[in-house]
Amino acid sequence: KVVQKTTNLELTEEQQDAFEKVNASLQIGEYDEFLLFGITGSGKTEIYIRLIEEALKLGKSSIMLVPEISLTPQTVDRFLGRFGEEKIAVLHSKLSLGERYDQWKKIERGDAKIIIGARSAIFAPAKDLGLIIIDEEHDDSYKSETNPRYNAKEIASYIGNNKNIPVLLGSATPDMSTYYKAQKGEIQFLELTKRANNSSLPDVEIIDLRKELATGNKTMISTKLHSLIEENLENKKQTILFLNRRGFSTFIMCRDCGYTAKCKNCDITLTYHLKENKLKCHYCGYETNALTVCPECKSKNIRYFGTGTQRLEEQIREMFPQASVIRMDIDTVTKKNSHEDILNKFKNDGIDILIGTQMVVKGHHFPNVTLVGVIAADSSLNIDDYRAHERTFQILTQVAGRAGRGKDKGKVIIQTYNPDSFCIQYSQKQDYKLF
């Protein structure tokens, strides 16, 4: 495919400062770890590109890790545009064995100086490694769940220390432990507080779904979001609707008061198992019978929450028959380049509405998207994970960061049954430090 050649963008003062600090370690060949903490759209990728350029001048190669394959098409295109194809190797799980072998050999021969890939790319046999970059460093996918279990970030630190090269971690919502290390001064803290092209952060509004139910709206789309989508369709602007469907686990929630059944030992949301009609804790094994009445407000309006991108797509097609809709989730991206095709279609064919799971959240840059709707923020708040609040804050902030990246101001609607939850309140302000 044809990739347009691109040129260096003008760096802002903050970007320049961050670049110079990492570059100093790169030039003298010194192990340092950096956290590049920059709000969504603040131009982190441009800094990565400049640093890789510096490494190339020194004849050194660079490894750049990105969380998921669905992220790579846009990132890879930016790198291809700047460095050309022959210097780059791309490693990810969707490659066939032959393709993986070719890329591996290209790296081993020293032809590919820039290695871009998911977590396993950290093991690439790079010649004269000079720099490791981990983008969206808060992402779960850097930990391998299968044997051998490893955390790509730990391995990056080990390699950095061993070979005396800088390691750069970047994120708008860093992992709390990384941020803590930066605050304690164990790793160097670099901050970008402004968006790169002077676009402003979007306005975020929280909609209480309990009130929607009370007024008789039983659909997944609140009245406010409905009217904003309509407005966007008239103005030929694009909309992303996000439904987090991590795990297919269903949880039980009261739709009147927002009560969720939690484990009495672990305080973690219980998962509903349909076959036995029981609620179970996936941490300690505690189980109890499924509820029919809410223990807090005695309402019978108890519902099971779970999957739903398909149902959402049906509802959207009914509500907006004139709109073009495309869906991106595990079921639609099974084929090799399907995620890339979906994103390109969305970007180039001006499709009105993109519906998706967390795949749509990460790093994408769609200048024409002015509205982002989070259908139910509670689905990640109620996963059986002790870091559910942190995950929810990260997801919501990242989702919000997809809106208003072009000339027009963005708007984000977060629908929730728990509007008072602190992580939802702070993601409205998009303020990581407050959180």
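The part I have in mind is helix H6.

Author: Happy to. This is a predicted model, in which local features need pLDDT of at least 70 and side-chain atom pairs count only at pLDDT 80 or more, while totals for chains, interfaces and linings use all residues. Residues are numbered from 1 along each chain as its sequence is written, and side-chain values use heavy atoms, with hydrogens and water left out.

Let's start with your helix. H6 runs over residues 176–184, and its buried residues are Thr178, Tyr179 and Ala182 (buried means under 20% relative accessible area, exposed over 50%, and partly exposed in between, with a 1.4 Å probe and protein chains only). These three cover an arc of only 95° around the axis, so they lie on the same side of H6 (the arc is that of the directions from the helix axis to the C-beta atoms).

A contact here means heavy atoms within 4.5 Å. Just after the helix comes Gly185, with a positive phi of about 85°.

In the loop between strand E5 (129–135) and H5 sits Pro148. The peptide bond that joins Asn147 to Pro148 is cis, with omega at about -5°.

Tyr48, in helix H2 (residues 44–57), is worth a stop too. Its relative accessibility is 0%, so Tyr48 counts as buried. Leaving aside residues up to four places away in sequence, Tyr48 touches Leu36, Met64, Phe79, Ile133, Asp135, Leu168 and Gly170.

Lys236, in the loop between helix H8 (223–234) and strand E9 (238–242), has a positive phi of about 60° although it is not a glycine. With a relative accessible area of 66%, Lys236 is exposed. Lys298 belongs to the loop between strand E13 (287–289) and strand E14 (302–305), and its phi is also positive, near 60°. Lys298 has a relative accessible area of 57% and is therefore exposed.

Phe366 is in the loop between strand E16 (353–356) and strand E17 (369–374). With a relative accessible area of 1%, Phe366 is buried. Beyond residues up to four places away in sequence, Phe366 touches Gln74, Ile240, Leu343, Phe346, Lys347 and Arg402. One of these, Phe346, is 20 residues from Phe366 in sequence and 8.8 Å from it in space, C-alpha to C-alpha.

Lys409 has its place in the loop between helix H12 (388–400) and strand E18 (411–416), and with a relative accessible area of 42% Lys409 is partly exposed. Again not counting residues up to four places away, Lys409 touches Ser200, Leu201, Pro202, Asp203, Thr370 and Gly404. From Lys409 to Asn348 there are 61 residues in sequence and 20 Å in space, C-alpha to C-alpha.

Now for the whole. The protein has 13 helices and 18 strands (helices, H or I of at least four residues, and strands, E of at least two, are DSSP runs numbered from the N terminus). Its C-alpha trace spans about 70 × 50 × 45 Å along the principal axes. A compact globule of 435 residues would have a radius of gyration near 22 Å, and the protein agrees, with 22 Å (taken over C-alpha atoms; the globule rule is 2.2 Å times the number of residues to the power 0.38). Buried residues make up 56% of the 435. Among contacts between residues at least 6 apart in sequence, 75% join residues at least 24 apart.
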